[in-house]
Amino acid sequence: MAKKIRDDFKDDPKVEYVIVHWDGKKVKLRDESIEERLALLLQAVLADRLPQFIGASLLNDGTGLSMKNAIMDYLDLYGLKDDKQKLIGMAFDTTASNTGHINGAAALLEKELDHALLWFACRHHVAELHMGWADDAV
């Protein structure tokens with residue numbers, strides 16, 4: 001069924017432009033252990049489609065490199081790794097593991113794809129950063 005859903009998304013002629021969204025979460029399991037997960041979805045821009053949930057990868061850690069590797073695996077699965085015209089942007093929260101200019105997932109993703117993407121930093125988290133800066137200034 002997953003292959004059918006994936007193929008439907010990949011073969012849809014209305015899907016001309018795509019934004020990849022991700023968010024890392026620490027998940028507490030019943031045995032009290034904690035796993036690092038990365039939820040991913042694809043959003044077709046200007047197409048009459050709902051965002052497509054594509055996976056929740058288990059990560060070894062919450063580093064930008066681990067996130068980038070998981071994202072690349074799914075982009076490859078959806079045929080977007082080499083399609084520089086289709087993948088146009090990425091959406092994520094503003095943690096350092098995402099936004100770091102050297103080791104952040106977004107910068108590493110652009111470097112591996114060898115093209116620039118629009119960065120859609122979560123506005124909620126951007127507002128949190130401004131509040132933190134305001135607290136530091138007081």
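Student: In this predicted model, which residue of β5 stands opposite A91?

Tutor: A91 has its counterpart in strand β5. Strand β4 covers residues 87–92 and pairs with β5 in the parallel sense. A further bridge to β5 joins F92 to A121. The residue of β5 opposite A91 is F120.

Student: Which residue of β4 stands opposite V18?

Tutor: Strands of a sheet pair through backbone hydrogen bonds, either parallel or antiparallel. β1 and β4 run parallel and are joined by 4 bridges. In β4, the residue opposite V18 is L87.

Student: In what order do the 5 strands form the open sheet?

Tutor: The pairing in this open sheet is mixed. Its edge strands, each pairing on one side only, are β3 (52–59) and β5 (118–121). From one strand to the next the twist averages 20°. The order is β3-β2-β1-β4-β5.

Student: At about what angle to β3 does helix α2 run?

Tutor: Helix α2, residues 64–77, lies across β1, β2, β3 and β4. One of these strands, β4, is mostly covered, with 5 of its 6 residues buried. Relative to β3, the helix runs at about 140°.

Student: Is D12 buried or exposed?

Tutor: D12 is placed in the loop between α1 (2–11) and β1 (17–28). The cut-off for a buried residue is under 20% relative accessible area. D12 has 11% relative accessibility, and therefore counts as buried.

Student: Which backbone nitrogen does the side chain of D12 reach?

Tutor: The loop that holds D12 lies between α1 and β1. The side chain of D12 reaches a backbone nitrogen at 2.8 Å, that of K14.

Terms used:
Residues are numbered from 1 along each chain as its sequence is written. This is a predicted model: local features need pLDDT of at least 70, side-chain atom pairs count only at pLDDT 80 or more; totals for chains, interfaces and linings use all residues. Side-chain values use heavy atoms; hydrogens and water are left out. Helices (H or I, at least four residues) and strands (E, at least two) are DSSP runs, numbered from the N terminus. Buried means under 20% relative accessible area, exposed over 50%, partly exposed in between (1.4 Å probe, protein chains only). A polar contact is a pair of N or O atoms within 3.5 Å; within protein, one must be able to donate a hydrogen and the other to accept it, and residues adjacent in sequence count only if both atoms are side-chain atoms. Two strands pair if DSSP finds at least two bridges between them. Axes are lines fitted to C-alpha atoms, for helices over the stretch in contact, and angles run from 0 to 180 degrees between N-to-C directions. Contact means heavy atoms within 4.5 Å.
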